[in-house]
Amino acid sequence: MVDKRTEQIKELLPVYFIMGSTNCNGRDPVRVLEEAIAGGITLFQFREKGESALTGKEKVRLAERLKKICQENHIPFIVNDDLDLAIELDAHGIHVGQDDLEADIVREKFSNKILGVSAHTIEEAEQAIKDGADYLGLGPIYPTNSKDDAREVAGTGIIECFRNHGITIPIVGIGGITPANAEEVIQASADGVAVISAIASSSDVKETAKSFLRATSK
Ligand SMILES: Nc1nc(C(F)(F)F)ncc1COP(=O)(O)OP(=O)(O)O
Ligand SMILES: [Mg+2]
């Protein structure tokens, strides 16, 4: 029996757009998010990382502007890594990886919010579930340019392997996902795809978001 919360999380995962100011090819991230929402993204994560990433007040200011757009469009606003920022903004959730704050501590400090955790092994997945994760981010599924410290490319087999092992928690694949390969990520029984550059640096953000929505609708 799948509980109501799990169903609600699954409904948020189909097209999970992740972006920060460094992903937008110099375009205004506010405009990029508005276009991605118009194209039908289902969830948004603010991930401000990389050499020229904003810090301090500028990062908070951009996060506030992007959260406002999400709220106006009933899209949950998730913060990557930064628990203080997530709490300060009263974000809808946070995503942490294996090298970030421990998920159980985050769950305790940011309770009844959406908690996503990156996992690369069954053990990491089982620990994340124990810690109260609402979904897992698995990847990189394909080669990615959006994360310079990405682990080894896993392929869609990692999703099938986790499912065959009895991991039933909502899963989103991440890493190098495009409208052309998104369908096979869903066929491997992920509940959605997480996308950075294919949408953020697209010449037509709205149309690209739409094509992901088509590719992931079951
Ligand atoms: N940010 C992410 N979001 C997802 C999500 F599931 F939301 F798609 N999955 C995986 C990651 C990667 O998280 P992490 O390993 O901490 O690296 P970084 O902090 O550089 O993103
Ligand atoms: Mg992280």
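Predicted model: local features only at pLDDT ≥ 70, side-chain atom pairs only at ≥ 80, totals over all residues.
Strands are DSSP runs of E with at least two residues, helices are runs of H or I with at least four, and both are numbered from the N terminus. Two strands pair if DSSP finds at least two bridges between them. Strand 1 (residues 15–19) pairs with strand 2 (residues 43–46) in the parallel sense over 4 bridges. Within this pair, Ile18 stands opposite Gln45 in strand 2.

Residues are numbered from 1 along each chain as written, with chains lettered from A and ligands numbered from 1 in written order. Local features need pLDDT of at least 70 and side-chain atom pairs 80 or more, while totals for chains, interfaces and linings use all residues; side-chain values use heavy atoms, without hydrogens and water.

The magnesium ion (ligand 2) is coordinated by Asp81 (OD) and Asp100 (OD), at 1.9 to 2.1 Å. Asp81 lies in the loop between strand 3 (77–80) and helix 4 (83–89), and Asp100 in the loop between strand 4 (93–96) and helix 5 (103–109), so the pair ties together parts that are 19 residues apart in sequence. Donors are N, O and S atoms within 2.8 Å of the metal (3.2 Å for Na, K and Ca); water is not among the atoms, so sites may look incomplete. Asp100 is partly exposed, at 26% relative accessibility. That class lies between buried (under 20%) and exposed (over 50%), for a 1.4 Å probe and protein chains only.

Both aspartates also contact ligand 1. A polar side-chain atom of Asp81 lies 3.0 Å from an oxygen atom of ligand 1. For a side-chain N or O atom of Asp100, the distance to an oxygen atom of ligand 1 is 2.8 Å. A polar backbone atom of Gly97 is 3.2 Å from an oxygen atom of this ligand.

Most residues other than glycine have a negative phi, and most peptide bonds are trans. Gly139 and Pro140 are joined by a cis peptide bond, with omega about 5 degrees. Pro140 lies in the loop between strand 6 (135–138) and helix 7 (157–164). Asn25, not a glycine, has a positive phi of about 50 degrees. Asn25 sits in the loop between strand 1 and helix 2 (29–38) and is exposed, at 61% relative accessibility.

How values were computed:
Polar contact = N/O pair within 3.5 Å; in protein donor to acceptor, adjacent residues only side chain to side chain.
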